[in-house]
Structures are given as structure tokens and as C-alpha cells.
Amino acid sequence: MADWQESELLTEQERAVVEFADVLSRTPANVSDGLRQRLRQHFSERQLVELANVIAWENARARFNRGLGIEPDGFQLDD
């Protein structure tokens, strides 16, 4: 979702999660104190650990696949 920041389809909680995933997917992954505060309004520490873990896992999986030239196996989102 390229326009997630302006989308009226997302709640504030969803917007914070997408921003967190976006920031954690960059190099370097610098999460601002403001974003952490917004996330803590919606999630417990345990939930934030799980969320960060899932985002990090998906990034690791994607980089692993790219590094080995592994292509998607038929899964495709239709536009």
C-alpha cells in the first residue's frame, strides 16, 4: 500500500504498525521515540516484542530468498 500514510482505510493502530514495519525494513532501522510511544498506546511490551519479531523474520526471509535467487512460487496479489 503505497499511500498508507494518507489512507483513510487504516486505523491509527494499523498506521503505527505499517510505519513500524516500514522503518524496520530500512537500513539502518532507526525507530523514533515518537513511534515507540504511539505503538505503546496500542500494544503491551509483550505484543511489541512479538510484532518486532514477525517483522524482522519476514525481512530476514525476504533477504534470504533474494540472496539465493529464490522466486515466489505462484502466490500473487491481483491489483
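Ala-60 lies in helix α3, where a helix is a DSSP run of H or I with at least four residues, numbered from the N terminus. The model is predicted: local features need pLDDT of at least 70, side-chain atom pairs count only at pLDDT 80 or more, and totals for chains, interfaces and linings use all residues. Residues are numbered from 1 along each chain as its sequence is written, and side-chain values use heavy atoms, with hydrogens and water left out.

**Helix α3**
- Ala-60 counts as partly exposed because its relative accessible area is 42%, and this class lies between buried (under 20%) and exposed (over 50%), computed with a 1.4 Å probe and protein chains only.
- The C-alpha atoms of Ala-60 and Ser-25 are 9.6 Å apart in space, although 35 residues separate them in sequence.
- Val-54 is also found in helix α3, and its relative accessibility of 41% makes Val-54 partly exposed.
- Val-54 and Ala-21 are 33 residues apart along the chain, with 9.4 Å between their C-alpha atoms.
- Phe-64 is another residue of helix α3, which covers residues 45–68.

**Surface patch**
- Phe-64, Leu-68 and Ile-70 make a nonpolar surface patch of about 320 Å².

Definitions and conventions
Patch = residues over 30% accessible without salt bridge, like charges linked within 9 Å, V, L, I, M, F, W, Y side chains within 5 Å. Areas by Shrake-Rupley, 256 points an atom, 1.4 Å probe, with all protein chains shown as cover. Salt bridge = Lys/Arg side-chain N within 4 Å of Asp/Glu carboxyl O. Helix = DSSP H or I, 4+ residues; strand = E, 2+ residues; numbered from the N terminus.
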